[in-house]
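I opened the structure and kept short notes on what I looked up. The entries follow in the order I made them.

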Amino acid sequence: MAEVTLQGIFKSFGATSALDDVTMTIPDGSFVVLLGPTGAGKTTTLRMVSGLDRPDLGRITIGGREMTGLTPAQRDVAMVFQQYSLYPHLTVRQNLEFPLKSPILRTPQAEIDRKVGEVAEILQISHKLGNKATALSGGEMQRVSIGRALVRDPSVYLMDEPLSSLDAKLRSDLRIELKSIQANSGATLLYVTHDQIEAMTMATHVGVLDRGRLVQFGTPREIYQNPVSIYAASRLGQPRINILPADVFGGAPPSATHIGLRPEQIVQGQGEDSMVQRVERLGDQTRLHLTFKSHDLITVTDPHTNLKEGDIVRISPRQPFYFAADGARVA
Amino acid sequence: MSFSVTEPRMGTKWLAGILVVGYAIITMVPLLWIIATGFKSPNDSIAYPPVILFEPTMEGYVNLFTDRTRATPQMLKDAGPPETWYDEIAQNRGTVITGPSRYGERFLNSVIIGFGSTALCMILGTAAAYAFSRFRVPLKDDLMFFILSTRMMPPIAVAIPIFLMFRNLGLSDTHLGMILLYTAVNLSLSVWLLKGFIDEIPVEYEEAALIDGYTRFQAFYKIVLPQAATGIASTAIFCLIFAWNEYAFAVLLTSGNAQTAPPFIPTIIGTSGKDWPAVAAGATIFLIPVMVFTILLRKHLLRGITFGAVRK
């Protein structure tokens, strides 16, 4: 296992800039999740580390070793692709064996059998080992593809939205499984997703990417409680943070143009009036859609609330975030 | 899962079946004619109206594979009773077998040149197609167009330059020369066909293999090649059929040493009168390798020629 560093990585495809001066250190044994919408540069970052693409500028080290000019095989990384990329002419077992049989590893057959059996057990695909890779459901393919990375013991695991095509139950099972595999083995894991629950539950560190730039890097709590910008604040939290003009409540610092309010930053029962537009009951949580001085906002209330459409709720901010016109946090 | 397709009615099925069978019979007639003629006696072979039912004889095949000389009754008597069934057939016609004909070696030449050029064409074609498909080749589109443009004229149009070139290089009437020539003619087709097939194989498979610890060549060999098998098989059939049947260059550039079967078969007519059964026998045997090759690869061929048409 190893520390991974990216220093001043630039990459553009034609005229579009995919990565713009990305610098980060992925500590040894950490679980780093890259968050951001499509096109933010998450997958490109993974491909830089894997060696499938080369940066235009900048250097990458894995375990202190300079990676420039090394092939993916030489870098000793394992990767889970978003589109599974199982070898269609091979069986599930052969797919799982494939990395172990590489000229670099040349694992003895007994060891291969042991590892493949172990991983198949974890991923609940033992009964499918004899199947052709193409004769699987999407979820099974995704698990085999995760398994193909897990059979190895690489310096770093790279995963590109590995849980995206699984159903909800399997996804939450595998979230826990992946997290415990990583925690037990001390593996370094770089993980791409746009699912904030995956980020919050698994990550030791989250990197927030915005159009090729790394805007914030820290623990999930740090990013949640102390976002550097509107963009970073919007990545985590459900319901999303409410962004309103800074002056609706008063007391804003002079440079602020926007106020950011997460549900827990809105105190109900004191302050100014707002009207309930809709009560959304999710079971464990009930969301209130409010109108406050002609601005819409969403907050969370008591799951068993008696509030209904048209009721008046008084609200006031508590330790809100303030942002400047360019989105940067000012207070 | 296709909802727009309805099960055809019984009458429609029968009509389609009859049409297909009818078409098959029409296309099979010349083939059956050739095969039948190979087993006819010379008289039956030119009978008018043509005889459908006849007494089969191996005479055509004996004549195809042997050289014979006309013998006087005295010579036949001296030669004694025939030792083998083919000696007997020859003696019944008043001839004695003096040795094997050259058909066997001509046929072998066809096999060497046909399969040799097909193999070379597949190796070069797959490598070129892979490079065009996967790498950033400068002037890629122009090069691809240039490769295609080599087939925009009939190959025989450049017969004279090739003839002179072969003479100066010492390639005339050699197996190597013919293999190179047929490879050159077929290569453009195979690069284009194979590039299409390789384009269809997602690049992620190779990337996965690269990550899994394999070199690019190993990834090509273990991942791309098995998946391109269909394309390679169908392209190989096209190349083999061209090289196997090619006549004009074979007449022009080969004679004593590397002559293939197509220019040899017509010469049978000249050696011992109009011996149609021997010609038909030669043609029948000549059909077999391509038929066997095609039947062996037919699953690939069917998938190959419908490739792209049925995707998605």
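Entry 1, two helices of chain B. This is a predicted model. I looked up helix α1 (residues 10–38) of chain B and helix α16 (residues 276–296) of chain B: their axes come within 7 Å and cross at roughly 125°. Angles from 65 to 115 degrees count as roughly perpendicular and those over 145 as roughly antiparallel, so α1(B) is oblique to α16(B). I noted the crossing of α1(B) and α16(B) as left-handed.

Next I listed the residues that meet. On α1(B) they are I34(B), I35(B), T37(B) and G38(B). On α16(B) they are W276(B), P277(B), A280(B), A281(B), A283(B) and T284(B).

Entry 2, chain A against chain B. I found 20 residues from chain A and 14 residues from chain B in the contact. In chain A, α2 (72–75) and β6 (77–80) each supply at least two residues of the side that touches chain B. β6(A) gives the most, with three residues. That side of chain A has 14 nonpolar, six polar and no charged residues.

I followed six strands through an open sheet of mixed pairing, in the order β6-β7-β8-β3-β9-β10. β6 and β10 (213–218) of chain A are at the edges with a single partner strand each, so one side of each has no neighbour in the sheet. Within the sheet, β3 (residues 31–35) and β9 (residues 205–210) of chain A pair in the parallel sense over four bridges. There V33(A) stands opposite V206(A).

Last, I checked helix α5 (residues 138–150) of chain A, which lies across β6 and β7 (156–160) of chain A and runs at about 175° to β6(A).

How values were computed:
Residues numbered from 1 in each chain as written. Chains lettered and ligands numbered in written order. Predicted model: local features only at pLDDT ≥ 70, side-chain atom pairs only at ≥ 80, totals over all residues. Axes fitted to C-alpha atoms, helices over the stretch in contact; angles between N-to-C directions. Parallel < 35°, antiparallel > 145°, perpendicular 65-115°, else oblique. Left-handed = near helix turned anticlockwise from the far one by under 90°. Contact = placed C-beta atoms within 7 Å. Nonpolar A, V, L, I, M, F, W, Y, C, P; charged D, E, K, R; others polar. Pairing = 2+ DSSP bridges.
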